[in-house]
Amino acid sequence: EKIVFEGEGHHIPDVLPGDVMIQLSMKKHDTYTRKGNDLLREFKVSLVEALQPETQLKMVHLDERVLTINRPAGQILKPGSLLKIPNEGMVKRENPMYKGDLYLRFVVEFPDVLPAEVIASVTSSLEPHSDPIGSVAEEENEDDEEWECEMETVDISQFGQNRRARTAYDDEDDDE
């Protein structure tokens, strides 16, 4: 991206000043991927965490806030599950009142080995062909401040296609 400040270049008497051009380049982040104003983050959870519905996920965001995310009730995470947290992406440069969304793609870590009795218990407890989503994970943070937010089930094609991000000041009815 390029930012141009017209007429702000070197000033010489009797000569029109030139433009100052600043070229911005995005540095790759270790945890987040940015597309437009949306952010994508992979989040690792254990198999036990993935199978525990109606629990919360805690994470430290880029600005050091702890987000306490309520996962959809009764949903279990599958490997690759994708959930969206509205308005937790990057601030829009042209209007800082609006933010993109944060997408979480879950990586479910499976144990290498399970005892036969555990496999038998799990197999007898699960119904075949279920399709739920959800999870729990914890991260360390020195700041005790936590923010509660909701996740939504989404398709990856929505990532980076944020039509209009909401702010805390918008009403739900504004879209109609």
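User: What is the strand order in the open sheet of five strands?

Analyst: This is a predicted model. The order in the open sheet is β3-β4-β10-β7-β12, and the pairing is mixed.

User: Why are β3 and β12 said to stand at the edges?

Analyst: Each of them, β3 (32-35) and β12 (152-153), has a single partner strand, so one side of each is left without a neighbour in the sheet.

User: What makes β7 and β12 a pair?

Analyst: Two strands pair if at least two bridges are found between them. Strand β7, residues 82-85, and β12 are joined over two bridges, in the antiparallel sense. The cut-off is at least two, so β7 and β12 count as paired. Within this pair, Lys84 stands opposite Glu152 in β12.

User: What holds paired strands together in general?

Analyst: Strands of a sheet pair through backbone hydrogen bonds, either parallel or antiparallel.

User: Where is Arg65, and why is Arg65 called buried?

Analyst: Arg65 lies in the loop between β5 (56-60) and β6 (66-70). Its relative accessible area is 11%. Buried means under 20%. The value for Arg65 falls under that cut-off, so Arg65 is buried.

User: How do you know that Arg65 and Asp63 make a polar contact?

Analyst: Their side chains are joined at 2.7 Å. The cut-off for the pair of N or O atoms is within 3.5 Å. The contact of Arg65 and Asp63 is therefore within the limit.

User: Why is Glu64 called partly exposed?

Analyst: Glu64 has a relative accessible area of 46%. Buried needs under 20% and exposed needs over 50%, with partly exposed in between. So Glu64 is partly exposed. Glu64 is also placed in the loop between β5 and β6. Its phi is near 75 degrees, a positive value in a residue other than glycine.

User: Is Asp14 buried or exposed, and how do you know?

Analyst: Asp14 has a relative accessible area of 85%. Exposed means over 50%, so Asp14 is exposed. The place of Asp14 is in the loop between β1 (2-5) and β2 (20-23). Phi of Asp14 is near 65 degrees, again positive in a residue other than glycine.

User: What share of the protein chain is buried?

Analyst: Buried residues make up 31% of the 176 residues.

User: How many helices and strands are there, and what is their order?

Analyst: The protein chain has two helices and twelve strands. From the N terminus on, the elements run β-β-β-β-α-β-β-β-β-β-β-α-β-β.

Notes
Residues numbered from 1 in each chain as written. Predicted model: local features only at pLDDT ≥ 70, side-chain atom pairs only at ≥ 80, totals over all residues. Heavy atoms only, no water. Helix = DSSP H or I, 4+ residues; strand = E, 2+ residues; numbered from the N terminus. Buried < 20%, exposed > 50% of the residue type's maximum accessible area, 1.4 Å probe, protein only. Polar contact = N/O pair within 3.5 Å; in protein donor to acceptor, adjacent residues only side chain to side chain.
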